[in-house]
Amino acid sequence: DNAQGEIYLTDMISIFNNSGYSVSAVSPEKQYVIMGFNDKTVLKEMNAIARKLVYEKIKNLVEIADPDNFFIADEAVEQILQMDESGILPDIKIGVGVCVGEKVTISSDIVFKRDACLTGAVKLGEKVTIGEGVQFSTFPNQTIAVGDGSTIMKGNVIKGNVEIGKNVLLESGVRITGSDCYLTRIGDNVTVKGISYIFGSILDEGTKIEHSVLINKRVEKILDENGEVIAVKYFIPDAQGAEAITKIG
């Protein structure tokens with residue numbers, strides 16, 4: 001062993017021989033299985049090999065925009081293969097730069113657009129569209145669930161404990177978070193548009209939100225005299241700490 005107390009693979013030959021074992025050599029079927037790395041260049045090469053192996057497994061089952069620029073964790077790959085074995089057409093589209101991390105649960109007929117990134121315990125229903133640059137993430141013991149037919153549009157950020165129902169439309173500019181104590185629950189057929197932030201709130205089925213900040217609120221579905229849903233627009237809670245703010249000039 002060396003000064004650091006480490007044992008190299010080559011040292012094992014003499015250790016085995018001194019212990020009465022015979023040592024022989026075999027050639028691996030694929031040379032990359034014995035690659036070692038000590039710098040970023042080799043690590044990058046190993047990542048490329050891993051990505052290629054994933055691509056070869058699922059290339060005939062899903063549509064991948066750029067075989068050299070995507071990441072799908074092994075768990076999601078297995079789910080895709082299991083769909084195919086069960087006779088379910090995955091029909092999944094993966095855009096350039098998409099990242100589907102560990103603990104993500106996927107279904108059939110999902111579209112991941114360019115640079116979408118999902119990490120943590122995220123569960124996606126069928127016919128879900130994840131827009132360009134969308135970010136999903138959870139802390140331990142938290143879950144994000146998205147119902148069938150929902151669309152999360154470009155650049156939206158969803159974090160924490162969040163339940164999104166079926167056929168929900170989140171237009172661009174939406175931020176949704178939920179904590180361990182305050183789950184955010186969005187009912188079926190809800191539409192959220194404009195620059196909106198929602199935390200720890202409950203949006204009943206069929207409600208509409210536009211350009212609003214909702215913190216620990218309940219939004220009920222109310223109809224006007226014409227039977228149309230009354231949309232919540234430009235709602236901002238009372239400011240806290242306003243006494244610390246003064247006007248300049």
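## Burial and surface

In this predicted model, 33% of the 249 residues of the protein are buried. The accessible surface of the protein amounts to about 15600 Å², and carbon and sulfur atoms contribute 51% of that area.

## Secondary structure and overall dimensions

The protein contains 3 helices and 23 strands. Along the principal axes, the C-alpha atoms occupy a box of roughly 90 × 55 × 35 Å.

Contacts in the protein were also examined by sequence separation. Among those with a separation of 6 or more, 11% join residues 24 or more positions apart.

The protein carries 25 positive and 35 negative charges. The mean position of the positive charges lies 5 Å from that of the negative charges.

## Cysteines

The whole structure contains 0 disulfides. C99 takes part in no disulfide, and the nearest cysteine sulfur to it, belonging to C117, is 4.0 Å away. A disulfide requires the two sulfur atoms to be within 2.5 Å; the sulfur of C117, at 4.0 Å from its closest cysteine sulfur in C99, is therefore too far away for a bond.

C117 is partly exposed, with a relative accessible area of 28%.

Conventions
Residues are numbered from 1 along each chain as its sequence is written. This is a predicted model: local features need pLDDT of at least 70, side-chain atom pairs count only at pLDDT 80 or more; totals for chains, interfaces and linings use all residues. Side-chain values use heavy atoms; hydrogens and water are left out. Helices (H or I, at least four residues) and strands (E, at least two) are DSSP runs, numbered from the N terminus. Buried means under 20% relative accessible area, exposed over 50%, partly exposed in between (1.4 Å probe, protein chains only). Contact means heavy atoms within 4.5 Å. Accessible areas come from the Shrake-Rupley method with a 1.4 Å probe; for residues, only the protein chains shown count as cover. Lys and Arg count as positive and Asp and Glu as negative; His and the chain ends are not counted. The place of a charge is taken as NZ of Lys, CZ of Arg, CG of Asp or CD of Glu.
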